[in-house]
Amino acid sequence: MVPFALSLLVLLPLVGAAIVLLIPKGQKSDSLIKWFAVVWSVIPLLLASYLWFVLFDPNASKMQFEEAYLWISSINVRYHVGVDGLSMPLVWLTTLLTVLGLFYSSYVIHERAREFFFMFLLLETGMIGVFVSLDFFLFYVFWELGLVPMYFLIAIWGHAEDRPQYSAIKFFLYTLVGSVLMLLAIIAMYINTSTATTPGTFDLIELATKRPFANDFVFASLAFWGIFLAFAIKVPLFPFHTWLPDAHTAAPTAGSVILAGILLKLGTYGFVRVLVPIFPQVFQANVLPIAILATISIVYGALVAMAQTDFKRLIAYSSVNHMGYVILGVAAAVAIGGANLTDRAIALNGAMLQMFNHGVITGALFFIVGILYERAHTRDLKSFGGLGAKTPVYGAILLTASFASLGLPGLAGFISEFMVFRGAFATLPLIATICVLGIVFGAAMMLWKVIQNVLLGVFDEKRWAEQEKHGVKLYDMTRFEVITLAPLLFLMVLIGVYPSVILNTLNTISVAILGQIVK
Amino acid sequence: MSTDLVLTYVGFFMMGAIALIGAVLAVSQRNILRAALGLIVSFIGVAGIYFVLEAEFVGVVQILIYVGAITILILFAIMLTRGLMQGTTSGHNSQWLAAALLAMLLFAALALVALGTNWNVAATRVSSDLIPKIGAELMTTYVLPFEAVSLLLLAALVGAIVIARE
Amino acid sequence: MSLSVPDLNLRIIAPVLIVAISALVVLLGELVTSSAQKRGLGYASLVGLLAAGGAAMGLWDAHAVAFREMVRADNFGVFLTLTILAGAVLCILLSFDFTRAHRIETGEYYALILFSVTGMLLMVTAADLIIIFLALELLSLPLYILAAFKREDERSLEAGLKYFLLGAFSSAFFLYGIALVYGATGTTNLARIAASAPSEMLLIGAGLLLVGFAFKVALVPFHWWTPDVYEGAPTTITAFMSVAVKAAAFGAFLRAFLVALPALAMDWRVVLAIIAVLTMTLGNVAALLQANIKRMLAYSSIAHAGYILIALVAMGGAGVSAALFYLLAYTLTNLGAFGAVIALGEGERERLNVSDYGGLARMQPLLAAMLTVFMLSLAGFPPFAGFVGKFLIFGAAVQNGWAWLAVVGVLNSLVSVYFYLRPVVAMYMSEPVEGWGAPRVAPLVALALVLALIGVIALGVFPAPAIALAAGGLGR
């Protein structure tokens with residue numbers, strides 16, 4: 001047993017960030033900072049791995065490694081943390097992607113390294129904090145805490161030609177609009193659960209049993225939609241997605257990876273952790289509109305992605321498509337109807353697995369785009385071609401990640417998408433049918449736009465020879481880039497062929513959550 | 001209506017008229033010296049109202065301080081300041097209409113409420129030995145405000161010196 | 001004739017007395033010190049303020065009235081006393097080098113600040129409208145002078161004059177209000193006003209009192225003086241005014257309306273709610289348009305007055321404690337922000353334009369980080385004091401049935417994020433501006449900044465003790 005395991009997990013990056021600030025200035029301070037930050041970030045990964053693979057009980061539906069202390073007594077705010085099958089994989093993924101992001105950045109970030117690594121570690125604290133918080137107040141604090149460093153990462157280290165400051169503030173304000181409404185809903189729930197003698201609660205577990213506004217559908221709906229908006233913007237669900245392509249395009253590679261890999265998951269995580277257990281009735285009453293938004297995200301996201309000529313924007317829009325499956329899965333799991341618990345659990349499992357997979361796959365794809373951009377200084381898909389022969393390692397990795405993304409059986413993406421559809425056909429058959437279109441378009445966009453444009457075709461020797469005079473050189477992946485991507489590729493294959501490693505954990509908690517709300 | 005009351009009314013309206021005429025003079029005259037003289041008239045009118053209302057002490061103080069001290073100071077200031085004597089400054093600016101309207105509104109509201117209120121009239125007449133009583137009150141009930149005022153005056157004095165010092 | 005001596009409980013006004021005596025000492029010290037020794041007067045002021053703080057702590061839980069119910073020592077007053085003293089201490093710490101650089105280092109500077117603090121402390125312990133009025137004058141008068149303290153600077157003079165004229169105007173309103181309240185109830189004592197029957201005259205009187213308070217805390221539409229005065233006054237004085245006057249005036253405002261006029265709450269709550277909406281919205285929207293950081297902070301202070309007004313509208317224990325906590329949080333945060341502006345000055349030049357902050361993150365990373373924290377706290381970001389303050393205020397509003405007001409407040413704080421981020425954006429993402437060297441921060445200024453920073457973070461991360469102290473202290 002590790003005492004204060006989760007608190008350690010939250011605090012370690014923060015401490016690391018503080019140490020980064022304290023490293024003395026000097027000629028070698030940048031390399032020292034990079035070296036330190038990467039090594040330090042491995043500690044949370046090791047701790048999270050130890051917690052998940054050794055101590056975590058995948059068959060227990062209750063919270064594990066719980067800690068609870070009174071924090072602000074007068075309003076009954078507690079420092080309450082804990083993980084279950086829903087959050088444990090995401091916490092682990094956060095620590096993994098942070099290590100990879102920092103490792104990759106240590107090679108490509110040359111300006112203002114101290115601030116970059118400080119912000120990155122601060123961001124990790126915010127993200128882990130959200131996943132382990134079981135008190136809504138605490139959740140909100142971490143939620144906002146992650147916002148500021150991400151803003152800086154995009155605005156300062158973004159690509160100058162992609163209007164980083166504009167994109168960053170857009171990302172910031174969009175998220176903030178949602179979160180302030182969530183704040184009001186949090187206050188309302190607290191006051192609704194308080195009585196004349198006892199204070200209200202911010203505790204997510206207690207709220208799930210107390211169900212604030214259970215008898216007042218109007219107020220419950222207001223609170224629901226307030227929180228919904230915060231999460232939907234983060235996911236992002238159509239029509240709240242417009243910040244995403246800008247933010248992704250502008251962000252530095254590691255920032256994009258974290259944004260796609262983890263920050264988007266905060267939204268879907270919130271759906272499952274907050275909206276489903278606390279407002280099951282309202283959610284059920286609104287399943288159709290939510291599922292329709294998910295459908296639009298899926299189909300529209302894939303179509304718009306297909307229309308892109310910018311590699312990074314394409315991947316960004318594909319996120320809209322993929323995150324749509326998660327929402328579809330959640331909606332399918334709680335939809336009213338005669339479906340049995342197993343079908344619903346499959347849908348929810350699929351949604352949760354899709355979160356994890358999308359983090360792995362899209363994280364990898366953003367690395368891949370970033371690596372190409374580092375060399376070519378362009379992301380215009382039309383300017384490439386024939387890279388499969390010219391840079392075989394890069395080609396192989398891109399091929400694998402693309403196939404995982406479009407849902408080729410044997411790779412991770414297939415499992416989760418299949419499960420989402422398997423569940424959705426049971427509860428929302430019509431919608432699920434339409435969403436299959438998204439799969440088709442998604443496959444088309446990857447095969448036609450990415451693989452054909454980049455890997456196949458003829459390598460334009462003349463053009464790139466010309467470019468070489470300007471210091472642009474297309475060479476195959478170097479060792480550190482392969483090292484960065486290797487763990488993600490391994491995960492894609494592992495989950496693709498042996499999904500039970502993670503599904504058991506997820507299933508326990510799906511059944512527990514759905515058992516609470518579906519009679 | 002007793003003669004006493006009639007006289008009170010007559011006195012009140014006379015004094016009120018003097019105060020108003022003075023006030024109008026003070027704001028309408030373009031020459032600042034005349035405006036200051038108008039102010040004196042207005043102060044005297046107000047003092048007169050106090051006398052009519054049998055608040056002799058306040059009346060005397062009003063004349064001593066406002067007429068005797070403050071206006072004289074103002075006159076000194078005007079005479080010692082170059083340019084102000086001859087200068088005719090405009091008493092109007094572009095916002096006078098809006099200001100007048102607002103002032104009228106406020107006046108209407110106050111007048112309506114004042115007329116509609118059932119005032120608490122003291123049952124007994126104020127005794128004649130008013131000044132010792134006021135003195136005693138200042139030293140007992142109002143001792144703290146009294147001291148606060150002294151501090152306030154000190155601060156004002158310091159401030160005046162700071163502003164005026166070369 | 002025999003006089004019945006009132007209860008001269010000096011202990012209750014000990015903090016006020018100590019500060020007043022320090023003011024006199026500093027004033028006398030001015031006579032016997034050379035121009036090189038003026039710093040000593042600043043230290044003397046600090047000692048006086050800290051001693052007053054000690055005396056104020058001794059009044060915790062005293063719950064007493066004195067001087068024929070002219071003053072009242074309750075925890076509400078003690079909390080605000082300590083808040084004001086904290087603001088004054090930080091202001092004086094910031095002043096040492098600022099006054100020297102701007103050639104306004106005199107004993108009167110410190111003495112006038114102390115006189116103003118005397119008025120403020122009296123104001124938050126006052127239980128009678130007469131005392132409130134006199135305290136209001138005592139706190140304002142030195143500030144009129146201080147605003148104009150840089151006499152060779154025309155904008156400073158204009159600030160002082162403008163502040164004086166409008167302040168005198170608002171005092172007249174306030175005094176008229178007192179007269180009408182007295183006419184309606186026959187008393188100026190807050191508790192006895194509450195005991196008498198409400199009438200139209202009382203309502204009009206309350207309205208005029210409201211105008212007086214609204215001027216002092218800068219509520220729309222009585223806020224016009226604020227940007228000009230804040231811009232023109234010496235920055236240390238602006239910093240002081242923006243926090244301490246607010247704390248003092250809101251203290252009396254809350255006390256007058258919650259203790260004396262709860263019977264009229266039906267009427268004034270709606271009016272104040274509307275004013276709160278206007279104040280927040282106008283403050284934030286106007287702040288968006290400012291390029292000058294002092295003007296921006298001026299409009300932001302207007303907006304913050306609007307947030308605090310929400311707490312007054314909410315009423316009840318939750319509203320009062322939220323307002324108190326917010327005032328404390330705002331005091332530390334705003335002084336920190338102004339402190340950073342002061343620290344970044346070079347001699348008599350100050351970085352007044354947002355664009356002057358370009359590239360500071362590289363030249364002064366620590367200072368840039370501090371200013372970022374203060375800006376985020378002002379914007380209401382966790383885990384800083386400003387967030388908890390806003391949370392408590394909006395919580396109080398929702399709890400007492402003013403959810404729509406909380407919604408407006410929340411949307412407003414959203415707007416505010418944009419302009420609070422602008423200096424941050426400049427510091428971290430713009431190139432350094434020509435003509436500015438790397439700033440050198442004086443040790444005492446650094447001390448003030450660190451103290452403010454510690455306060456902002458401590459109140460944000462461990463707010464429980466302060467919330468407990470702010471709760472339920474308003475004596476009736």
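**View 1. Left-handed crossing of helix 2 and helix 4 of chain A in a predicted model.** The crossing of these two helices of chain A is left-handed, a term used where the near helix is turned anticlockwise from the far one by less than a right angle. Helix 2 (residues 29-55) and helix 4 (residues 113-132) of chain A pack at an angle of about 15°, with their axes 9 Å apart, so helix 2 of chain A runs roughly parallel to helix 4 of chain A (angles under 35 degrees count as such). Axes are lines fitted to C-alpha atoms over the stretch in contact, with angles running from 0 to 180 degrees between N-to-C directions, and helices are DSSP runs (H or I) of at least four residues, strands (E) of at least two, numbered from the N terminus.

**View 2. Residues joining helix 2 to helix 4 of chain A.** Helix 2 of chain A contributes Asp30(A), Ile33(A), Lys34(A), Ala37(A) and Ser41(A), while helix 4 of chain A contributes Ala113(A), Arg114(A), Phe117(A) and Leu121(A) (contact: C-beta atoms, placed from the backbone, within 7 Å).

**View 3. The side of chain A that touches chain C.** In this interface 22 residues of chain A are in contact with 22 residues of chain C. Strand 1 (64-72), helix 5 (136-157) and helix 6 (164-193) of chain A each supply at least two residues of that side, and helix 6 of chain A gives the largest share, 9 residues.

Residues are numbered from 1 along each chain as its sequence is written, and chains are lettered from A and ligands numbered from 1 in the order in which they are written. In this predicted model local features need pLDDT of at least 70 and side-chain atom pairs count only at pLDDT 80 or more, whereas totals for chains, interfaces and linings use all residues.

Technical notes:
Angles under 35 degrees count as roughly parallel, over 145 as roughly antiparallel, 65 to 115 as roughly perpendicular and the rest as oblique. Two residues are in contact if their C-beta atoms, placed from the backbone, lie within 7 Å.
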